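Welcome, and thanks for taking a look at this one. Please open the sequence and the coordinates side by side before reading on.

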Amino acid sequence: MNKKEFLIEIQDIMLLDNINETTAIEVDSMASLLLIAFLDEEFSTSISQEQIKSIKYVSDIIEFIGDENIK
Amino acid sequence: MGVKIEKIEFYLPSDKLTNEDLKKEFVDFDLSKVENKIGIKSRHIANKETSLDLAYNSSLKVLKSTKYKNIDFILYCTQTPDYILPTSACILQDKLNLKTDIGALDFNLGCSGYVYGLALCKGLIDTGIAKRILLVTTDTYTKYIHKQDKGNRSIFGDGSTASILSYCDKNNIKEFQLNTDGSGYDKLIIKNGGSKYSLDENSALKMYGDNNYYNDNCLYMQGPDIFNFTIKNIPKLINDVLDKNKMNMDEIDYFIFHQANKFMLKYLMKKIKIPKEKFHLNLTETANTVSSTIPIAIKQAFDDNKIKIGDNVLLAGFGVGLSWGGTIITV
């Protein structure tokens with residue numbers, strides 16, 4: 001998955017338009033489930049409720065996954 | 001020598017809580033999200049009835065349609081008993097006018113409870129301790145959900161099921177895989193009211209998720225962590241159950257998982273690669289009834305001709321504890 005594809009996925013999960021790495025996000029309960037499923041499916045990684053709570057920007061998700069894992 | 005499920009009946013309390021009802025209480029309640037993503041439109045609520053009342057009604061239904069007097073054991077699964085003591089199964093024996101030379105016990109499990117109940121039945125019947133068992137699942141979680149907790153109020157409903165398990169020549173309940181991880185005990189919990197923490201009239205109101213409120217006298221669920229637990233462990237559970245029974249996916253005619261919520265179930269279906277037509281998904285009118293979802297689903301699937309006599313059905317229960325388990329039944 002490249003960064004453009006990644007941003008489109010996050011955009012769909014967060015129900016936002018035209019996001020970039022600096023976009024501020026608020027992860028509600030449904031978005032939490034969608035994000036968990038997305039990270040499990042695409043990156044085989046799990047993110048805890050506590051880790052989700054600390055997400056403030058799109059860049060926080062990229063940092064969690066590891067920038068090197070997004071082409 | 002084997003065990004079979006002779007009959008299943010369920011009973012749901014008459015009072016209902018619809019999404020429209022919830023919308024009146026919570027202005028920010030998202031009707032379409034709950035219907036489309038969670039898959040629930042309404043849930044039955046035991047306002048006046050207790051878990052034992054529900055259990056009595058489901059038991060009466062199943063006993064009326066089978067040979068009433070031959071029950072020699074009651075297994076009663078609940079997390080919301082009428083009393084801390086005595087044992088609910090003992091009271092149910094008396095209410096049903098069953099004979100006194102029978103065994104009766106309660107066991108405390110949630111969404112894995114029916115699978116564990118089947119395992120207990122198999123053990124009791126295989127060892128000759130019992131020949132015909134009344135297996136009851138019954139819960140009234142809604143009595144323990146805070147009025148301001150719209151998240152859990154939208155997910156859970158009340159209900160009870162009663163199954164008759166008996167000896168048969170064929171092995172209609174196959175091998176089990178049972179699992180436990182108590183490190184996640186606090187992911188789904190009612191903290192107060194047991195012997196460790198008394199009920200506290202002044203328990204502080206706490207907020208979680210999307211403006212949901214609860215206190216420690218009430219049910220609390222860390223939804224995302226429960227989801228993580230499920231998607232990590234249930235695919236492996238399915239493989240383990242198949243391995244134990246030396247079967248493969250193609251030999252399973254139908255899959256019935258604990259009906260937790262639509263989103264979770266659809267994700268599991270996709271991850272495990274189960275064909276849509278072989279996968280049970282129906283909690284629109286009943287919601288998550290904890291240990292009762294699987295037996296309700298078996299009856300729904302049979303009545304709707306989704307399963308027929310001779311079919312192999314894989315059952316998987318998972319949730320509070322944390323506890324999870326699976327088996328394969330031949331209908």
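This is a predicted model: local features need pLDDT of at least 70, side-chain atom pairs count only at pLDDT 80 or more; totals for chains, interfaces and linings use all residues.

Chain A is built from 4 helices and 0 strands, while chain B contributes an open sheet of 5 strands with mixed pairing. One arginine in that sheet, B:R132, gets a closer look below, as it sits in strand β6 of chain B.

**Chain A as a whole**

- Along its principal axes, the C-alpha atoms of chain A fill a box of roughly 25 × 25 × 15 Å.
- Of the 71 residues in chain A, 45% are buried.
- If you take the contacts in chain A between residues at least 6 apart in sequence, 60% of them join residues at least 24 apart.
- Chain A has an accessible surface of about 4,100 Å², and carbon and sulfur atoms account for 44% of that area.

**The sheet in chain B**

- The strands of this open sheet in chain B come in the order β1-β7-β6-β4-β5.
- Strands β1 (2–11) and β5 (103–107) of chain B each have a single partner strand, so each of these edge strands has one side without a neighbour in the sheet.
- On average, neighbouring strands of the sheet are turned by 15 degrees against each other, with direction ignored.
- Strand β4 (residues 73–77) of chain B runs parallel to β6(B), and 5 bridges join the two.
- B:C77 has its bridge partner in β6(B), namely B:T137.
- Helix α9 (residues 293–303) of chain B packs on the sheet, where it touches β1, β6 and β7 (159–168) of chain B.
- The direction of helix α9 of chain B makes about 95 degrees with that of β1(B).

**A closer look at B:R132**

- B:R132 belongs to strand β6 of chain B, which spans residues 132–139.
- Is B:R132 buried or exposed? Its relative accessibility is 8%, and because buried means under 20%, B:R132 counts as buried.
- The side chain of B:R132 makes a polar contact of 2.8 Å with the side chain of B:E6.

Conventions: Residues are numbered from 1 along each chain as its sequence is written. Chains are lettered from A and ligands numbered from 1 in the order in which they are written. Side-chain values use heavy atoms; hydrogens and water are left out. Buried means under 20% relative accessible area, exposed over 50%, partly exposed in between (1.4 Å probe, protein chains only). A polar contact is a pair of N or O atoms within 3.5 Å; within protein, one must be able to donate a hydrogen and the other to accept it, and residues adjacent in sequence count only if both atoms are side-chain atoms. Two strands pair if DSSP finds at least two bridges between them. Axes are lines fitted to C-alpha atoms, for helices over the stretch in contact, and angles run from 0 to 180 degrees between N-to-C directions. Contact means heavy atoms within 4.5 Å. Accessible areas come from the Shrake-Rupley method with a 1.4 Å probe; for residues, only the protein chains shown count as cover.
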